[in-house]
Amino acid sequence: MELWFTEKHTENVKFSIQVDRQLYASQSEFQRIDIFSSKEFGRFLTLDGYMMLTEKDEFIYHEMMVHVPMAVHPCVRKALVIGGGDGGTVRELARYKAVEEIDLVEIAEEVVAACRQYLPQTACGFDDGRVHVYYEDGLKFVRRFENAYDLILVDSTDPFGPGEGLFTKEFYGNCYKALRADGIMVNQHESPFYPNDAMAMQRAHKRIVESFPISRVYQAHIPTYPSGHWLFGFASKKYRPLEDQDVTRWKELGIRTKYYNEQLHKGAFALPNYVEELLEKVE
């Protein structure tokens, strides 16, 4: 008998992966957590039936989330990751020796525990001594801080269920307050392709533009996410993602990547016309 994982992308589109076996299943206070193994994509994590990551393509998402702002900000000492219980964003941040402290806020402790056991390739960053994990609501956590972080990475789930509060104007305003005078925030910005996803993306973009003086959007191709076309938001108090990219400094770090490079950094901000039009409507 064949076993398939299927995610509904729209009323008329489904995405399926053939599964070898289910490795983990639990129901936390906040969401259903499943980890499967597959021949094509390796192990993969789903929350409430939505794909979060696969071993085969997670490097694309996590490298673009982290290395774009790190190639711009000249001196990140303290970083905050909101969400990201799989550990991939923390793993990439921990590759920077100059970073002194990494705080991660994840609402569901079970997600971190499951990923540490079944997705060690992604969760290995939790073993770094600079990483401090807090199991609480990211929206409430960030309210407590002012002028505290150089970088905030919003590695959230989609804008419904437990992640819904991480797409509000209040949340982005609190992130702005929690950042230092030259701080940067990067968030996963949803997909622009299917209409419902595009509307969610526009709502988030409008709220970020209202909160930050500098706000740009960049893209990556992530095969297992809806449509494969995914966006990230770059919001800053001071630095611009292209003008302030320091290619020489970043290359001197010697960080080996599978997706990100200095040319791709520039190209990722060159968006298709239909995406530019969606953004312009809410700016």
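1. Arg130 counts as buried, because its relative accessibility is 18% and buried here means under 20% relative accessible area, with exposed meaning over 50% and partly exposed lying in between (1.4 Å probe, protein chains only). The side chain of Arg130 meets that of Asp128 in a salt bridge, with 2.9 Å from N to O, where a salt bridge is a side-chain nitrogen of Lys or Arg within 4 Å of a carboxyl oxygen of Asp or Glu. Asp128, for its part, counts as partly exposed, at 24% relative accessibility.

2. A word on the basis of these remarks: this is a predicted model, in which local features need pLDDT of at least 70 and side-chain atom pairs count only at pLDDT 80 or more, while totals for chains, interfaces and linings use all residues. Residues are numbered from 1 along each chain as its sequence is written, and side-chain values use heavy atoms, with hydrogens and water left out.

3. How many salt bridges does the rule give? The count comes to 16 salt bridges, and one of them joins Glu100 to Arg77, whose closest N and O atoms are 3.9 Å apart. This pair links distant parts of the chain, 23 residues apart: Glu100 sits in the loop between helix 2 (88-93) and strand 8 (101-105), and Arg77 sits in the loop between helix 1 (58-70) and strand 7 (78-83). Helices (H or I, at least four residues) and strands (E, at least two) are DSSP runs, numbered from the N terminus. Glu100 counts as exposed, at 54% relative accessibility, whereas Arg77 counts as partly exposed, at 33%.

4. A further salt bridge pairs Glu92 with Arg95, and here the closest N and O atoms are 3.0 Å apart. Glu92 counts as buried because its relative accessibility is 3%, while Arg95, with a relative accessible area of 32%, is partly exposed. Both residues also belong to a network of salt bridges that links Glu58, Arg91, Glu92 and Arg95.

5. Which residues gather in a patch of negative charge on the surface? They are Glu276, Glu277, Glu280 and Glu283. Patches are made of residues with over 30% relative accessible area and no salt bridge, like charges being joined within 9 Å and nonpolar side chains (Val, Leu, Ile, Met, Phe, Trp, Tyr) within 5 Å. Lys and Arg count as positive and Asp and Glu as negative, with His and the chain ends not counted.

6. The cysteines deserve a separate point. A disulfide is a covalent bond between the sulfur atoms of two cysteines, and the rule used here asks for a pair of cysteine sulfur atoms within 2.5 Å. By this rule the count comes to 0 disulfides.

7. Two backbone angles may be checked next. Phi of Glu190 is near 70°, a positive value in a residue other than glycine; Glu190 is found in the loop between strand 11 (179-188) and helix 7 (195-211), where it counts as buried, at 3% relative accessibility. Ser227, although it is not a glycine, has a positive phi of about 75°, and its place is the loop between strand 12 (214-221) and strand 13 (229-236). Ser227 counts as partly exposed because its relative accessibility is 31%.

8. Phe212, in the loop between helix 7 and strand 12, counts as buried at 4% relative accessibility, and its C-alpha atom is 11 Å from that of Leu179, the two being 33 residues apart along the chain. Ile17, which has its place in strand 2 (residues 13-19), is buried, with a relative accessible area of 3%, and from C-alpha to C-alpha Ile17 and Thr257 are 26 Å apart in space and 240 residues apart in sequence.

Note on methods
Accessible areas come from the Shrake-Rupley method with a 1.4 Å probe; for residues, only the protein chains shown count as cover. The place of a charge is taken as NZ of Lys, CZ of Arg, CG of Asp or CD of Glu.
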